[in-house]
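Please read the following report alongside the sequence and the three-dimensional view.

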Amino acid sequence: MSETIDLVEAVEAVQNDAFVAVNYDDLIPNNVDLSSDKQLQRALEGWQPNYIDWWKDMGPDGFQNADVYLRTAVGVDPSGWAKFGHVKMPEYRWGILLAPKEEGRTIPCGRHKGEPAWQEVPGEYRSLLRRLIVVQGDTEPASVEQQRFLGATAPSLYDMRNLFQVNVEEGRHLWAMVYLLVKYFGRDGREEAQALLERRSGQQDNPRILGAFNERTPDWLSFFMFTYFTDRDGKMQLAALAQSGFDPLSRSCRFMLTEEAHHLFVGETGIGRTIEATCLAMKAAGITDPYAKEAIRKLGVIDLPTLQKKANFHMSVTRDLFGSEISSNAASAFSAGLKGRFNETAIADDHQLEHASYAVLRVIDGQFVTEEVPALRAINSRLLDDYITDCQGGIDRWNKVIEKSGIAFQFKQPHKAFNRKIGEFAEVNVSPAGELLSDEAWGAQHGEWLCNDTDHDFINSLMKPCMEPGQYASWIAPPRVGINNQPKDFEYVRIEHS
Ligand code: BYC
């Protein structure tokens, strides 16, 4: 028997709070008064069984019956919005939760700046808005599909639980976008909602929309890199969509950002703990040279240069998710007031950008050139720059761990143009240091910058499950604190039932 979350208690806690009332009596938990709109409720309740079928087919493989210590959102008050308890994933209460409405909110950017935020879809921007919501929605199930086989090789129950937590919350983020499509886009919206369950990550004839979401997540290192670097694209894009003049989208994204923070934490600490295990093992073996690859690998840990290669891949693939640096789509979305910039309201300019410019790095006649481009067309470039800055915090913290161990190695972000397939640099070969290379030079050297087959084989050889409570695989250090302050040997996943 699984110990289910005491939702009654949670709902009472939330109801005592004037902030919000989340209805957990409905089939679909929500704080959007779903039961008052029977047609919408029926449409969503019609989609729900298809979602559950998708989850059972494409969600975590082999663990659908396990009891997992998960947090469930039970409110949207930042000071206490989640409840923890063991639950079987297919029974997770995926709900529709919007951040509270800000009375008098106005459109923060673009040509409608200062007008009241839209509560209904602005007709002239309908298809652009739908496209943004569909693209956002498509990434959520895609990541669950990408990660579905990782449970079997989890380096600990703690990590396995974190994987499943991330997965169920990506599922909830899909619900958030499906709610918007079904409520505001009529028949097209319902069709899009169905199509979100039909595309498949990596499938040739019906792939997910964006490139990175069709890549494989074959091992746990990829998972941690993905949650640090690719979920951070999620953070940036959600922050930009949280500025939307379409208020329901803004409110959905604001609450999604609350959940996203844990995903980034999983990535940062996952990589951090991997680095820690490597540094500790090197120290114990008296190895100070980070490039003594064979000797380090024999210790059952991942050498730092291989970690850098893996990070290079994830950083470059994720940078492609920002779209072309110079983009008329992005200009249209900003001018329409559908999508803002990162920290839009904190930026000191006119928020309309009709006369502003932005410096964009380009390659012209085989040379890097920084060009002033109309700022509206450079919206993606600016978000990418903000993303690159945002990535650096965790990298600095990893480097501190290495420095403290007395090992001469530093992680670096590769040059913005390295290994790009979308945008300004899609047609050129660029080294991590930023040298433009011929095809031959790239062909000869890229194995030094991106994992080759031998590296992948080595990483795979370490991916052995470690499923005793409180035990960790050799290549990763234990976390400093348990989830929700649970003790070291806490059974985060009870798999004997599965
Ligand atoms: N792969 O003008 P362009 C997350 C397409 S992650 C394939 O260059 P635009 C999460 C583009 O769709 C955040 N195709 O770019 C993280 C367009 O096609 P159409 C997800 C690409 O439109 C971890 C054409 O190329 N959210 O939440 O300005 C786990 C020309 O487009 C790619 C969003 O992205 C690519 N990489 O910007 C779980 C926010 N890049 O429409 C979740 C919503 C571009 O002509 N989306 N294309 O057929 C957007 O804001 C924009 O769609 C993009 C693209 C930023 C993605």
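This is a predicted model: local features need pLDDT of at least 70, side-chain atom pairs count only at pLDDT 80 or more; totals for chains, interfaces and linings use all residues.

The largest cavity has a volume of about 60 Å³, and its lining includes Gln146, Ala212, Glu215, Arg216, Phe226 and His314. Helix H6 (220–241) and helix H9 (304–319) each supply at least two residues of this lining, with H9 giving the most, namely four residues. By residue class, the lining of the largest cavity divides into four nonpolar, five polar and two charged residues.

The second largest cavity holds about 30 Å³ of space.

## A strand pairing

Strand S1 (residues 67–73) and S2 run antiparallel and are joined by seven bridges, one of the pairs being Arg71 with its bridge partner Phe84 in S2. Strand S2 (residues 82–88) is mostly covered, since five of its seven residues are buried.

## Positive phi angles

Most residues other than glycine have a negative phi. His351, however, has a phi near 60 degrees; His351 is found in the loop between helix H10 (328–336) and strand S3 (357–364). With a relative accessible area of 10%, which is under 20%, His351 is therefore classed as buried.

Asn485 likewise has a positive phi, near 60 degrees, and is placed in the loop between helix H13 (453–462) and strand S7 (493–494). Asn485 has a relative accessible area of 64%, which is over 50%, so Asn485 is classed as exposed.

Notes:
Residues are numbered from 1 along each chain as its sequence is written. Side-chain values use heavy atoms; hydrogens and water are left out. Buried means under 20% relative accessible area, exposed over 50%, partly exposed in between (1.4 Å probe, protein chains only). Two strands pair if DSSP finds at least two bridges between them. On a 1 Å grid over the protein atoms alone, a cavity is a set of points where a 1.4 Å probe fits but cannot get out, and a pocket is an open set with protein on both sides within 12 Å along at least five of seven lines; lining residues have an atom within 4 Å of a point. Grid points are joined across faces, edges and corners, and a volume is the space filled by probe spheres set on the points. Ala, Val, Leu, Ile, Met, Phe, Trp, Tyr, Cys and Pro count as nonpolar, Asp, Glu, Lys and Arg as charged, and the others, Gly among them, as polar.
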